[in-house]
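Student: Could we go through this structure together, slowly, one topic at a time?
Tutor: Gladly; here it is.

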Amino acid sequence: MEECGDTNITLREFGCEQSLLSRPDGSSSFMQGDTSVLAGVYGPAEVKVSKEIYDRATLEVVIQPKVGLSSVRERLQEQSVRETCEAALLASLHPRSSLTLVLQLLHDDGSLLSCYLNAACMALMDAGLPMSCLFCGVTCAVNAEGQIITDPSAAQEKESRALMTFAVESTEHRVIMSSTRGSFSVHELQQCIAVSQKASEKIFQFYRDSVRRRYSKIL
Amino acid sequence: MAAGFKTAEPLEYHRSFLKENCRPDGRELAEFRTTTLNIGSISTADGSALVKVGNTTVICGIKAELTNPTVEAPSKGYIVPNVDLPPLCSSRFRPGPPGEQAQAASQFIADVIESSDVIQTEDLCIERGKLCWVLYCDIMCLDYDGNLLDACIIALLAALKNTQLPEVTIKPEACTPEVNLEKRNGLLIHKHPVGTSFCVFDNSILIVDPTAEEEGLSSAHFTVVTDEGDRLCSVHKPGGTALSGEKLQECISRATARQREIQKLIDKVIQSVKAAE
Amino acid sequence: MSPMKLCVPGDKLCSTEDCIPGTGVYLRHGYIYSSLAGYVLRKNEGEELPVISVVRETETQLLPDVGAIVTCKVTSINPRFAKVHILYVGSTPLKDRFRGTIRKEDVRATEKDKVETYKSFRPGDIVLAKVISLGDVQSNYLLTTAENELGVVVAHSEAGAQMVPISWCEMQCPRTHAKEFRKVARVQPEYLQA
Amino acid sequence: MATVQVSEAEKVYILHGIRDDLRVDGRSCEDYRHMEIETDVVSNTDGSAKVTLGHTVVLVGIKAEIGKPRPMVPDEGYLEFFVDCSANATPEFEGRGGEELGTELSNTLYKVFNNKRSLDMKSLCISPGEHCWLLYVDVLLLQCDGNLYDAISIAVKAALFNTKIPRVHISADDEGGKEIELSDDPYDCVRINVENVPCIVTLCKVGHRHVVDATLQEKACSVASLIISVTHKGTVTCVRKVGGGSLDPESIFEMTEAGKRVGKALHAPLMKLLQQEESLGKKRQKVGFLG
Amino acid sequence: MPTDNKRVRRPEVSQSPSVFACRPAAVLPAAGPRADGRRRDQVDVRPVFVRCGLVSQAKGSAYIEAGNSKLMCCVYGPRETDRKDETDMKCGRLITDMRFAPFSCPERGSWIQGSEEKDLSLMLQESLRPAVCLHRYPRSQVEVNVMVLENSGSVLSHAITCASLALADAGIEMYDLVLGCSIRQDGASYMVDPTYLEENGCSSGSEDNQGRLTVAFLPSLNQISGLQSDGEMAEETLTAGVRTCIEGCYKLYPVIQQALAKATRKAAPPPSES
Amino acid sequence: MAGLELLSDQGYRLDGRKATELRKVQARMGVFSQADGSAYIEQGNTKALAVVYGPHEVRGSRSRTLHDRAVINCQYSMATFSTAERKRRPHGDRKSAEMSLHLKQTFEAAVMTQLYPRSQIDIYVKILQSDGGNYSVCVNAATLAVIDAGIPMRDYVCACTVGFVDETPLADLCYAEEGGGGSSLALALLPRGGQIALLQMDAMTACKGVSKVLDEVVRQHLQDVSVLTRE
């Protein structure tokens, strides 16, 4: 995890597997280093009358922590993941229907929110839902000396001064979602965005490889 | 039939205004609604503040209670914020447990307090490992007309500056503390975080301080929290259409100007309250 | 007349001998009491006693009642009926949505049985309709569009542009010139200038 | 409350009957239905009573436990009320249906006993500030045919009369803490003085007259009803207007006066019956639901 | 308190500082003037500040301040009822919800509605129901939400007044306004519109005739729509108390009328002489 | 409770009964007038009250309606004062939900539901006093209530609990014996046809031939129960 000075940004070892669950319409498991999340997508299915929107699909995201009940923190993460997916999905192609995305946390070792986002994107792709663009999650930590570490582990996150997670879309690498913790300067923010945009190219390349690997087995 | 246009095709109605760089209530794109502040109105609370940003009204009451600190952080007190959206403030909220928006707001306020370290939790500790304060910051929206997060942060900050904690002395032999309700001293406020919320219309037009209607029609909304040292405490954009770097920079500069404005307003109101005493 | 008298609910206005009760008032023990906070209005309508009513400037019509013309947005359609949200009663916008249903047989007056709802309405259309009943325990308001002045007023084509009505049963998209079937309302003269 | 649908014609019929002081079941306006009271019906409790008022059946069980007194009144014990509207009464009460009515009834009971005179709370105190007797009064509503408040208040009074609290000895154990021993002899117990415990009278305003102990039909055609809880000396501990209608002040004063009169006249026969049942002691043949 | 995972985590147990404060329990002075200068045995209501139409989102709203008691009420509706049953067909339904803000009482309350608040909501509903013409709104419901911002005594009576003002401001048809008044009976003397201390303080004087009484009153129809009392009183004292409350309501009536008139005038100029 | 001698060497139990002796059973039908069917039963110190409403229209969600038979809806709840330790809530905890499910299954087997399509039968059971064998007392009370309501049943449903103390089976356990740590078996039987409606075993550790136990002891005692309740 060198600092951002030179061009190459190191990310932890990624692993992804698609349609591993039979019941959901689309599913994926995503590993970033030791952090791993399982995602399942159900839909487009029938929607409750109270939640029905006449010209769009209703997206609902449920985050299950590893142990115990989901608390207020998971609620904020659910809101971020839901609105990011809504930005990428073409919901108006399935009006008056419901999409449910369930994210089950298997192990948390830092960069949790970006792992949720990557798993969500892969699951939506696996479910064959129409999307205007792909998106990926990148987490940057600013440590005490001001260096920017991409995809930090839990230990690095704890001693970092600030932590930022961005969702970057695949067409023009612009920021869809940003969620931050700790205080930082404007310059550090712009630097982190630049680093994340560069890191997202690597992640999108990883997306293409894993999808190509999956379809190579079938063709 | 014009009134019909507003309810039948709200998005078209708003677009027609945005084309001329103004908004249905006559404001500029980058103009805030009038913000009024009233401090110390609730005598049963240790600190209270009422904020009105246009129609959006939020009241924050702080009650301090005594408890023993956790084992891992023996020298730290607690600060427990909570945002409540009662059915009173808008017809969209149903009675019952807090909905997703209320919970997300509570977590956002908790994150802002932690990241901006507006007060040090060490100041809340009375006796290391034995006794400390817990500040229950109960933020309640009385009239929901959009831009809830900004109003909550201003209300919380003003209420914290208005809080007076009673003096507590611990006699070595008697394990129970001795509370002197008359003699009270204030809280030490280190930083003054102020939030500025923006809304994006059709992925391009950026408006500040959105009303409930504009929030409903916008394709993305996000909040920037800055403190007096121009450091960013939070850049919270839950999603929606993407945003380019320059637009983000534009928003941050608007946010720092807003921070100055609000800090002046708070100090002015505190002076007038002190003068009145 | 003296400047308009203001009254609060419960004020005794006059006895039943000298006025006929209008809206916003109620009768009790031979006296007329006001039931609204507003201005007292005495109108002489021909008969010997003036009609007294209490008027509030804001919407007088709070609820869609039988026979009222309502403006609604179609939310979902299926072969048997179309579900709508009522936005307006007469000209007063409703703050809270009321749900309504237009049954297949209430869509138009002629050839009631050969009606296909997807050829009459599409979700998102703005429709003028009339309330025929408050509905029973399960269903909500029952509406009809079986008159020429009732039916679709605003509709968006597949391409998303606002369509222009060309006949009582067809509308055309200005951009793609595609024709779509709708039960079109013959627009009233006084609305034309809007 | 379980409401029953009554047609207009029936309402007019009941109204005219009451105007001539003759109700559907032949009672006059201030008569109670047939009432049966039996104490000590449930053995797991420290005191219990079953009251059958017409078709309304209520069972009250009281369990005494040692708890910490409330900080504001360190030298007094206290009562905890819980009303369980079981599904046995009507299918409406299944699941959480009966909770709303249950809360309303228990709140009224709290108000009725919220004064210094009804029960001598100080006698329930073991050692001020640390230990006191806490009486859990659990009301079980088994069948509901109107006039719940009266049946419940009479059942609570009978159950309190029947309550036997074991005598308590306090001895200081070695490190200065207080050691509490209960006497194991079942007959060595303290009884509660229920002399001042009030009884509730529900007066139901039908037309221009008020009626006591109204059945569900009479309640359906009543404008509003007044609950008044009266002690044997005639003092009033709780008054409450229930129901959707409004009453003019004169009829409220008339109803409170009638309520006081009926309530006062209720206590004497009740106490006599309880003492009589108590005096039978062992020979009493327990009936319960088998009778 | 079960861990409430819908709100930010809080320490398990915490005590209010007043528990450890060394001051005697509030004892009511037996005779002489009351703390805030008002006299006993006199219909001495606290000065009331009332405003209508404060909340933009609500159909009708009202805010009332009596001494330090601050309450706010909003009315929504008539709206569609979600729970449908046959009684809704003929007349509408009135739903009330009364809550205390956690910071409103000297002891911090919890967000979850306690049984005492449920009781007050029921009492409020029974007091307002006779005054509202519900038959005008078939198949729909009118929601009245009251929030107590600061509790400094006789909260229920001011909630009733504030709620009926909000209903009138919302344009809901009513037979009459509803005014609330409460008294605290202390031995032979009584205190009208008691403050928090006077309401909850235990009396030092004689033991009997201790109690509290709240009356909801329809001034122009001269009807009592709500009545609630607890504590122990003789029947004569109770009836005298009810008469005093009615007098208190009449004293309050002009202020309420004037506030409502001002709000209506501000809302719109009188209609032209059509 | 190791100290307590559950079975004395002369073969007598705590309350003086022999190993295969039932507790004193007293029952009465038609206790309440408002319900369609009601019954009260006392087995020793365990007292239960059962009420039946129906068959009537399905309340609540229409989706539960079965086109070919009636829906059995049961609710088991215990009075808060029924056990020595006061229960905070009468029903809604896991134990009472499980009991309600067992009652529902038992009576779906016994009641001829196909005679009442698209309708609902409510069976509510309330334990007034609990001294062991709650499940079997509930079943017996509910059977009497269903009979009182005039709803046709294939056969009486009688239930009994059996416990084991070092190999000797004890019929109709009381609270002390139930807590005694031995294994216990609850059986709901349709005696005439000999079919088993519900069998529930817990902590069945060292138990040789379950069928031996069933044939020899339980069947014989259930005949007594059905004889008693016929009058």
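Student: Which residue follows α3(B), and what is its phi like, positive or negative?
Tutor: α3(B) is followed by D117(B), whose phi is positive, near 25°; helices here are DSSP runs of H or I with at least four residues, strands are E runs of at least two, and both are numbered from the N terminus. Before we go on, this is a predicted model, in which local features need pLDDT of at least 70 and side-chain atom pairs count only at pLDDT 80 or more, while totals for chains, interfaces and linings use all residues. Residues are numbered from 1 along each chain as its sequence is written, and chains are lettered from A and ligands numbered from 1 in the order in which they are written.

Student: How far does helix α3 of chain B reach?
Tutor: Its 17 residues, 100-116, reach 24 Å from the first C-alpha to the last, close to the expected 24 Å, where the expected span is 1.5 Å times one less than the number of residues.

Student: And why is α3(B) described as largely enclosed?
Tutor: Because 14 of its 17 residues are buried, the rest of the structure largely encloses α3(B); buried means that 20 or more other C-beta atoms, placed from the backbone, lie within 10 Å of the residue's own.

Student: What does C152(B) touch?
Tutor: Leaving out residues up to four places away in sequence, C152(B) touches V58(B), V83(B), A105(B), I109(B) and I139(B), with contact meaning C-beta atoms, placed from the backbone, within 7 Å. C152(B) is also among the residues with the most contacts inside the largest nonpolar core, which has 361 residues; such a core is a set of buried Ala, Val, Leu, Ile, Met, Phe, Trp, Tyr and Cys residues joined through C-beta atoms within 7 Å.

Student: Which helix gives the largest share of that core?
Tutor: Helix α4 of chain B, residues 148-162, gives the largest share, with 12 residues.

Student: New topic: how many residues of chain A are in contact with chain B?
Tutor: 28 residues of chain A are in contact with 25 residues of chain B. On the chain A side, α1(A) gives the most, with 11 residues.

Student: What about chain C, how many helices and strands does it have?
Tutor: Chain C has 2 helices and 16 strands, and its C-alpha trace spans about 65 × 40 × 30 Å along its principal axes.

Student: How much of chain C is buried?
Tutor: Of its 194 residues, 35% count as buried.

Notes
Contact = placed C-beta atoms within 7 Å. Buried ≥ 20, exposed ≤ 12 C-beta atoms within 10 Å, placed from the backbone.
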